[in-house]
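Look over the sequence and the model before reading on.

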Amino acid sequence: MDLWRQVTRDADPMPHQLRPAASKPDIQDGAPKRAVPDPEPPVSEFTIGQKLSAAQSYAAPQTTSDRLRQSSVRMDSKSFQRLKRGKLKPDARIDLHGMTLNQAHPALNRFIMTAQSKGHRLVLVITGKGSPQDPYDPAPRRRGVLKQQVPLWLTMAPLNSVILQVSEAHLKHGGSGAYYVYLRRGR
């Protein structure tokens with residue numbers, strides 16, 4: 001006890017922000033004191049059925065489909081409307097089903113560059129929707145790694161210099177499991 005008193009006399013107390021939440025009980029006069037828990041923050045008053053304010057609401061992260069839908073149209077608007085309705089026929093297609101990311105990325109680069117050099121304007125990139133979600137998975141995950149990754153690859157060099165527009169395919173060409181890639185004219 002004498003040693004402990006000597007230590008506590010010489011030690012400087014920690015600032016309140018740096019103190020650990022569950023501190024060890026102090027020992028004074030031979031009997032340990034109980035640590036007093038911090039009081040819980042007060043719950044604001046509410047009524048049943050009350051709506052949350054905009055600041056308190058939860059916004060889910062944007063999906064790849066939403067990002068593509070909201071992106072600006074860089075091609076002719078009439079052609080884009082025909083594209084969305086599935087009226088334009090793709091000049092070429094690539095199916096990335098069953099490929100890993102390491103296999104799919106170089107295959108996609110090669111396909112897009114070759115298609116542009118051949119003078120194709122519209123190509124179809126099939127990624128698949130991804131495997132269905134496990135209902136017993138404790139944390140929800142987004143489906144389809146390729147479905148998320150391909151639009152990012154298409155915005156990076158060297159492909160971004162040859163691509164004019166990327167959008168989700170019409171249902172008859174694969175729907176949300178495929179992308180239309182509209183290429184710039186060859187130089």
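Q: Aspartate 2 forms a salt bridge with which residue?
A: This is a predicted model, in which local features need pLDDT of at least 70, side-chain atom pairs count only at pLDDT 80 or more, and totals for chains, interfaces and linings use all residues. Residues are numbered from 1 along each chain as its sequence is written, and side-chain values use heavy atoms, with hydrogens and water left out. A salt bridge is a side-chain nitrogen of Lys or Arg within 4 Å of a carboxyl oxygen of Asp or Glu. The closest N and O atoms are 3.6 Å apart in the pair that aspartate 2 forms with arginine 5.

Q: Is aspartate 2 buried or exposed?
A: Buried means under 20% relative accessible area, exposed over 50%, and partly exposed in between (1.4 Å probe, protein chains only). Aspartate 2 has a relative accessible area of 63%, so aspartate 2 is exposed.

Q: In which helix do aspartate 66 and arginine 69 both lie?
A: Their side chains meet in a salt bridge of 2.8 Å, N to O. Helices (H or I, at least four residues) and strands (E, at least two) are DSSP runs, numbered from the N terminus. Aspartate 66 and arginine 69 are three residues apart, about one turn, and both lie in helix α2.

Q: How many residues apart are glutamate 168 and lysine 147?
A: Glutamate 168 and lysine 147 form a salt bridge, with the closest N and O atoms 3.5 Å apart. The pair links distant parts of the chain, strand β5 and helix α5, and the separation is 21 residues.
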